[in-house]
Amino acid sequence: MLKKRKRALKLLGCLLVLAVFVLAANSCGEKGSKEPLGEVSTYTIADPTGDWGFPSPYAHYARGPGYVRMSFIFDTLVWKDAGGYIPALAESWEYLKDEDAYLFRLRKDVAWHDGQKFTAGDVAFTINYTKKHPYQWVDTGVVKDVEALDEYTVKMYMEKPYAPFLELVGGTLPVLPEHIWKDVQEPRQFQQKEALTGTGPYKLVDYSKEQGTYLYEANEQYYQGAPVIKQLKFVKVGGEVSAAALRQKQAGVAQIPPEMAQELEKEGFKCLESSHDWVAKMVINHQKAPLDSQEFRQALAYAIDRQALVNTCLRGYGLAGSPGLLPPDNAWYNPRLDGQYSYDPGKSAELLAGLGYVKKGSYFEKDGQTLELELLVSGSGSTTQGAPGEREGEFIKGQLEQAGIKINLRSLEAKTLDNRVLENKFDLALSGHGGLGGDPENLNKAIIAKGFNSARYEQSEELNSLLKQQLAEMDQEKRRELVGRVQELYAREMPALPLYYPNWYYVHNGQVNLFYTMQGIGSGVPLPFNKMAFIR
């Protein structure tokens, strides 16, 4: 069926994009539809980027929207809504402190999309399979052993205490059907129809990488009840065109530029403003001189006016970056970092002079060599609202050159930039990622993990030790103290400079009760597309 529907969906995507471009010229717009929940047959989500990869657990792109597209098809043991944890494949769970183990009692009324019965064997298989074939979003290496006690009871023994287990393993790891995946040796290459056999509320009907479109149909046998939205579409529509799509009922929800959100709200649409869970960063290649010097990286931080960057490039729609990475509205934020690295070109010059640099003319020099760095920015391929690009690059180039550091600005396609960062083939780069609203394990991911969203900074033994300690601390208040200290050490070491947290606005027509998930979808995705909104 996937192949049969592909041509039709491609045509639909082309027609939709054409239609909204034409309609954008119209000056008037109707108010958002208020069709009651439960009577919506098709719901369209306008997405500015489009393609986020084949939506199987191993083939989706390693950013939040890719995980969300996969999550409609595959379920986890537990899930979250706006208020906290809720049952999913597991109807109940408990932590056995004496054994350092988690016991999950599974639902008995769950079937895979192909009709096969879901059992504890599938859960045990998933843990063992992902230990052998690591899944990009979850470290199942924290599980020492897993045991299916009976057909509907699973017990997982920890290697050591792991505070974020429920959220990052139980609530993020997609459970795989053993009868399909047991013989798959190359999971990232497994992109046949069978790879999309899950237990979730939706089944994929069609996916077009070229058009960036996804079409889902409801799983009428879903164990939590048949979805109230019978067809769900993701279509590539972005920028100001998305407002026209909403007004002309071509889309039910879209991310809207901040200036337009209030206008649409006055027209009767509903507006959702996110917390600041997405961070724009200046990534620093601390593996090479002179960037391997802590004082040099601190000099960069003092040279950039982060508030002016927000005022100029985001027109004030955002928060200036905290040097400890977490934003001020985060529950784990360390207020002792308020005001640290306030804009101070004089302090920047003082640090550079202490490293042996001498100002000659416009730029600093050392050993007869001009202090010169390359700054990579994304010129295309990233349409994440508020993501740093050429405009932000020009601003930072101006500030660093004013501080005496010559900057060569280079624009790359977004995925190429990610790869250059991953391969350490850069000096400085502007990038960003979400997930900051999730469990503080996100600090470990952003500092010492191996992906391109991480600073991959392991030079500080004290910082490394604290990151490991906070994961193992089961006492909430003691863990808070450790997380606060992690932020202070991150600010001192400055492996990457948090620049700002953009304001995000999603506007919708009220047909679906969209909401932001507590600490983000899965491990912290800051998008209002929790699958439970389309079910209840």
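View 1. The buried residues of α8 are Phe296, Arg297, Gln298, Ala299, Leu300, Ala301, Tyr302 and Ala303. Helices are DSSP runs of H or I with at least four residues, strands are runs of E with at least two, and both are numbered from the N terminus.

**A note on the model.** This is a predicted model, in which local features need pLDDT of at least 70 and side-chain atom pairs count only at pLDDT 80 or more, while totals for chains, interfaces and linings use all residues. Residues are numbered from 1 along each chain as its sequence is written, and side-chain values use heavy atoms, with hydrogens and water left out.

**View 2. Two cysteines, Cys271 and Cys313.** Cys271 is partly exposed, at 23% relative accessible area. Cys313, in turn, is buried, at 5%. If you are looking for disulfides (pairs of cysteine sulfur atoms within 2.5 Å), the count is 0.

**View 3. The protein chain around these sites.** The chain holds 15 helices and 22 strands. Its radius of gyration, taken over C-alpha atoms, is 24 Å, close to the 24 Å from the globule rule (2.2 Å times the number of residues to the power 0.38) for 536 residues, so the chain is as compact as a globular protein of that length. Buried residues account for 59% of the 536. Along the principal axes, the C-alpha atoms fill a box of roughly 75 × 65 × 40 Å.

Terms used
Buried means under 20% relative accessible area, exposed over 50%, partly exposed in between (1.4 Å probe, protein chains only).
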